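Here are my notes on this one, jotted down as numbered points. Have the model open while you read.

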Amino acid sequence: MNEMHKLYGGSIYAYIPANFVDISKLRQVPDSQEVFAHPATDQSIIFDILEYLDEPDEQACRSHFDEIVNDSEAKIKKIEKFDLSPINCESVYYLNGEHYMSKYKETAKNLVELHMAIFRYKDLKTDILITFNDPLFINPESSSAQGSNSENKWTAEQFFKTIKTFYVADFNLFG
C-alpha cells in the first residue's frame with residue numbers, strides 16, 4: 001500500500017502509511033477532514049482544510065497548534081519552514097510538539113507527540129493541516145490502553161513522506 005491515496009473525492013492525493021483505517025467508514029467525519037487511524041497503536045493522521053489565518057506564518061502555526069491541542073501545558077518543540085514548492089502554496093511549515101489528551105472525556109490523559117504540517121494558500125484563503133498524533137505514553141486508566149501495542153507503528157519518516165507527496169489536483173475544491 002505504498003501508492004498515493006485519493007482524498008476529498010480525488011481533489012487531493014497523498015501517501016498514507018500501510019495498515020490504516022479510514023475513520024469515515026466508522027463514524028461521521030466533517031467534510032473538511034480526512035481521518036485515518038492505525039488499528040493497533042492509537043496513532044492517527046488527519047487532513048484538515050481550514051480558513052487561512054491572516055497572521056505571520058510562524059504565528060499561524062502556533063495558533064493552529066493551540067486550537068488543536070486546547071491544552072495550556074502543551075509545548076512546541078520545533079517550528080521550521082519546509083523547502084517544498086507545491087503549486088500555488090505560499091509556504092509549508094512543520095511543527096512538532098507534545099500535549100496531554102484524553103479520549104471520550106475520560107479523566108485519564110495520554111501524552112501525545114503531535115507532528116503537524118501547515119500548507120498555506122493565501123490566495124485561496126486556506127490553510128491545510130496534516131497532523132500525525134503519536135502517543136508517547138498511554139495512561140493505564142485510559143480506554144486506549146486496552147489492546148494498544150507498538151507493533152508496526154507508523155514513524156515520523158512515514159509522516160514526512162505524506163507531507164512530501166501531498167498534492168492538490170483540483171483547486172475547485174476550495175470554491
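Which residues form one aromatic cluster? I'll get to that in point 2, after a word on the model.

1. Ground rules. This is a predicted model, so local features need pLDDT of at least 70 and side-chain atom pairs count only at pLDDT 80 or more, while totals for chains, interfaces and linings use all residues. Residues are numbered from 1 along each chain as its sequence is written, and side-chain values use heavy atoms, with hydrogens and water left out.

2. The cluster. It is made up of F82, Y94, F132, W154, F159 and F160. Rings of Phe, Tyr and Trp (its six-membered ring) pair if their centres lie within 6.5 Å; planes under 30 degrees apart are stacked, over 60 edge-to-face, and the rest tilted. By this rule there are twelve aromatic pairs.

3. Helices (H or I, at least four residues) and strands (E, at least two) are DSSP runs, numbered from the N terminus. F36 is buried, at 4% relative accessible area, whereas F20 is partly exposed at 23%. For those words, buried is under 20% relative accessible area, exposed is over 50%, and partly exposed is in between (1.4 Å probe, protein chains only).

4. A pair over a longer stretch of chain. The rings of Y94 and F160 have centres 5.2 Å apart and planes at 65°, so they count as edge-to-face. Y94 sits in strand 7 and F160 in helix 2 (residues 156-165), which links parts of the chain 66 residues apart. Y94 is buried at 3%, and F160 is partly exposed at 22%.

5. Two strands pair if DSSP finds at least two bridges between them. Strand 1 has four bridges to strand 2 (residues 12-15), with M4 partnered by Y15. Strand 2 and strand 10 share two bridges, and Y13 has Y167 as its partner in strand 10.

6. Four residues separate strand 1 from strand 2 in their hairpin, and Y8 in the turn has a positive phi of about 50°. On strand 1 (residues 4-7), H5 and L7 make up the covered face and M4 and K6 the uncovered one. H5 is buried at 12%. Leaving out residues up to four places away in sequence, H5 touches I12, Y13, A14, I16 and F20 (contact means heavy atoms within 4.5 Å).

7. Strand 7 again. E98 belongs to strand 7 (residues 91-101) and is buried, at 16% relative accessibility. What does the side chain of E98 make a polar contact with? The partner is the side chain of K77, at 3.2 Å. A polar contact is a pair of N or O atoms within 3.5 Å; within protein, one must be able to donate a hydrogen and the other to accept it, and residues adjacent in sequence count only if both atoms are side-chain atoms. Among the residues that E98 touches are F65, A74, L111 and L136.
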